[in-house]
Amino acid sequence: VHSPSGWWRAFLSPYLPAELGGYLYRPLTVATYALDWHLDGPVWFHAVNVVWHAGAAVLVSVLVSRWVGTGAALLAGVVFAVHPVHVEAVANVVGRAELMATVFTLLSVYAALERRSIAWSTICWLLGLLSKENAAVAPALVAVAWALGIGRPGARAMVGFVGAWVLAGGLYAVLRESVLHPYADTVILAPVFIGETRARAWMTAVAAMADVVRLLLLPLKLRADYGPNERTIVATPLDPRFAAGALCIVLWALLVVTAARRGRKVEALALTWIALAYAPVSNLIVPIGVLIAERTLYLPSVGLALGLGAAVRNLHPPAVWALACVVGVAGGLRTALRVPVWRSDLTATLSVLQDSPRSYIGPMIMSARYLEQHRDSSALQAAGIAAAIFPREARPYLIGAHAALNLGRPALADSLLRRADRFCNPCQGFYRAEATVARRLGDSTAAGFLTAHARRLLDR
């Protein structure tokens, strides 16, 4: 990001650093960070995020205007613009991947359904994929719209779209594989899934659907973290949380069928949009690094805005405008109150400590902050608290070992690193990353010890 050549070198590099496993491929997002860095400072980074979000809200309005009407479009745009669950994606600079993937997905869908443009739809889809992987759902969204009779082209045009998508998807897959191939063995799991069976992980993901529905429909209580032990593993289908999540899925399916049978095409598409957009990050298909994160609801919430816009199509315009005003004020206030949480790493950490007291994330981040301040005893204590809350995560042991080395306690450090070895992948990368932190802080003894431990693991 800091290099003048960063905007193009991003396309040759994984999203995460090599020492942390080289996981994911989002070069277009990283390229925009590189450009931003050379244009201005933090204000510019945040301003760009807001512009992407505004663009997404406008595109939501445009689609609803085309399919339902201008009054409905106003409500849909306002709902999307001020939905409080979007704060993490917009106010947190790293959330730009969500914003860009959503904008390009909307453009791809618009180009396919409203402009019948194979070229533009495919180009926008490819740009979305290069922003974040969840843009992969764009062709599926278009196909569902065609099945419902929205923007359906002739058979020859459909074949052209499919062919272009296959070519673009193949090109993206080859490019992604060529960059990530050296890191193929990296496995990233949500911490709650570490050491668990796939069946229990799947039941936990189903249970999380209740959280997803609540966050989309009633986002009053928001969190910066939904990790262990705030959200624990679901061990049996008799768990009430599993029943609640399964009920949400069943009700969603019934609503889709009902809307389709009654000819409510846009509502059916909206409900399907929510499901398709959330599927890649749901942990139901493939495991990802988080169980629940508010930023991952950015693209699915487009479906909510579409559906609410379509639902008011028969209301008189003054009633729709009044509703849009109420939603704008209420959602805007809730959003404004939430933004300060993401002002800095410290404010986000304090939010975790207050809102998610059973989570290990807050104490773990505080232990890292104490290290930065050379408060090694406090860092060791906070790392111990984090490890006690959730003993199956490597990072608290690693930070604790760093602090122990600074305190002249190598035996304790070695013991903590042996515990970390059981839960990290790739361990060598984690140790080298922490060694880099130690060198930056002037902790040369800790840096050497961590590097040597990483070498011993590699020799095994």
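Author: Rings of Phe, Tyr and Trp (its six-membered ring) pair if their centres lie within 6.5 Å; planes under 30 degrees apart count as stacked, over 60 as edge-to-face and the rest as tilted. Ring pairs link W146, F161 and W165 into a cluster. This is a predicted model, where local features need pLDDT of at least 70, side-chain atom pairs count only at pLDDT 80 or more, and totals for chains, interfaces and linings use all residues. Residues are numbered from 1 along each chain as its sequence is written, and side-chain values use heavy atoms, without hydrogens and water.

Reader: Why is the pair of W146 and F161 called edge-to-face?

Author: The ring centres of W146 and F161 are 5.4 Å apart and the planes stand at 65°, so the pair is edge-to-face.

Reader: What makes the pair of W202 and F242 tilted?

Author: The centres of the W202 and F242 rings are 6.2 Å apart with planes at 55°, so this pair counts as tilted. W202 lies in helix α10 (residues 198–207) and F242 in helix α12 (residues 240–261), so the pair ties together parts 40 residues apart in sequence. Helices are DSSP runs (H or I, at least four residues), numbered from the N terminus.

Reader: How do you know whether F242 is buried or exposed?

Author: Buried means under 20% relative accessible area, exposed over 50%, partly exposed in between (1.4 Å probe, protein chains only). F242 has 14% relative accessibility, so F242 is buried.

Reader: Why does W202 count as partly exposed?

Author: W202 has 40% relative accessibility, and therefore counts as partly exposed.

Reader: What makes L12 exposed?

Author: L12 is exposed because its relative accessibility is 57%. L12 is found in the loop between α1 and α2.

Conventions: Helices (H or I, at least four residues) and strands (E, at least two) are DSSP runs, numbered from the N terminus.
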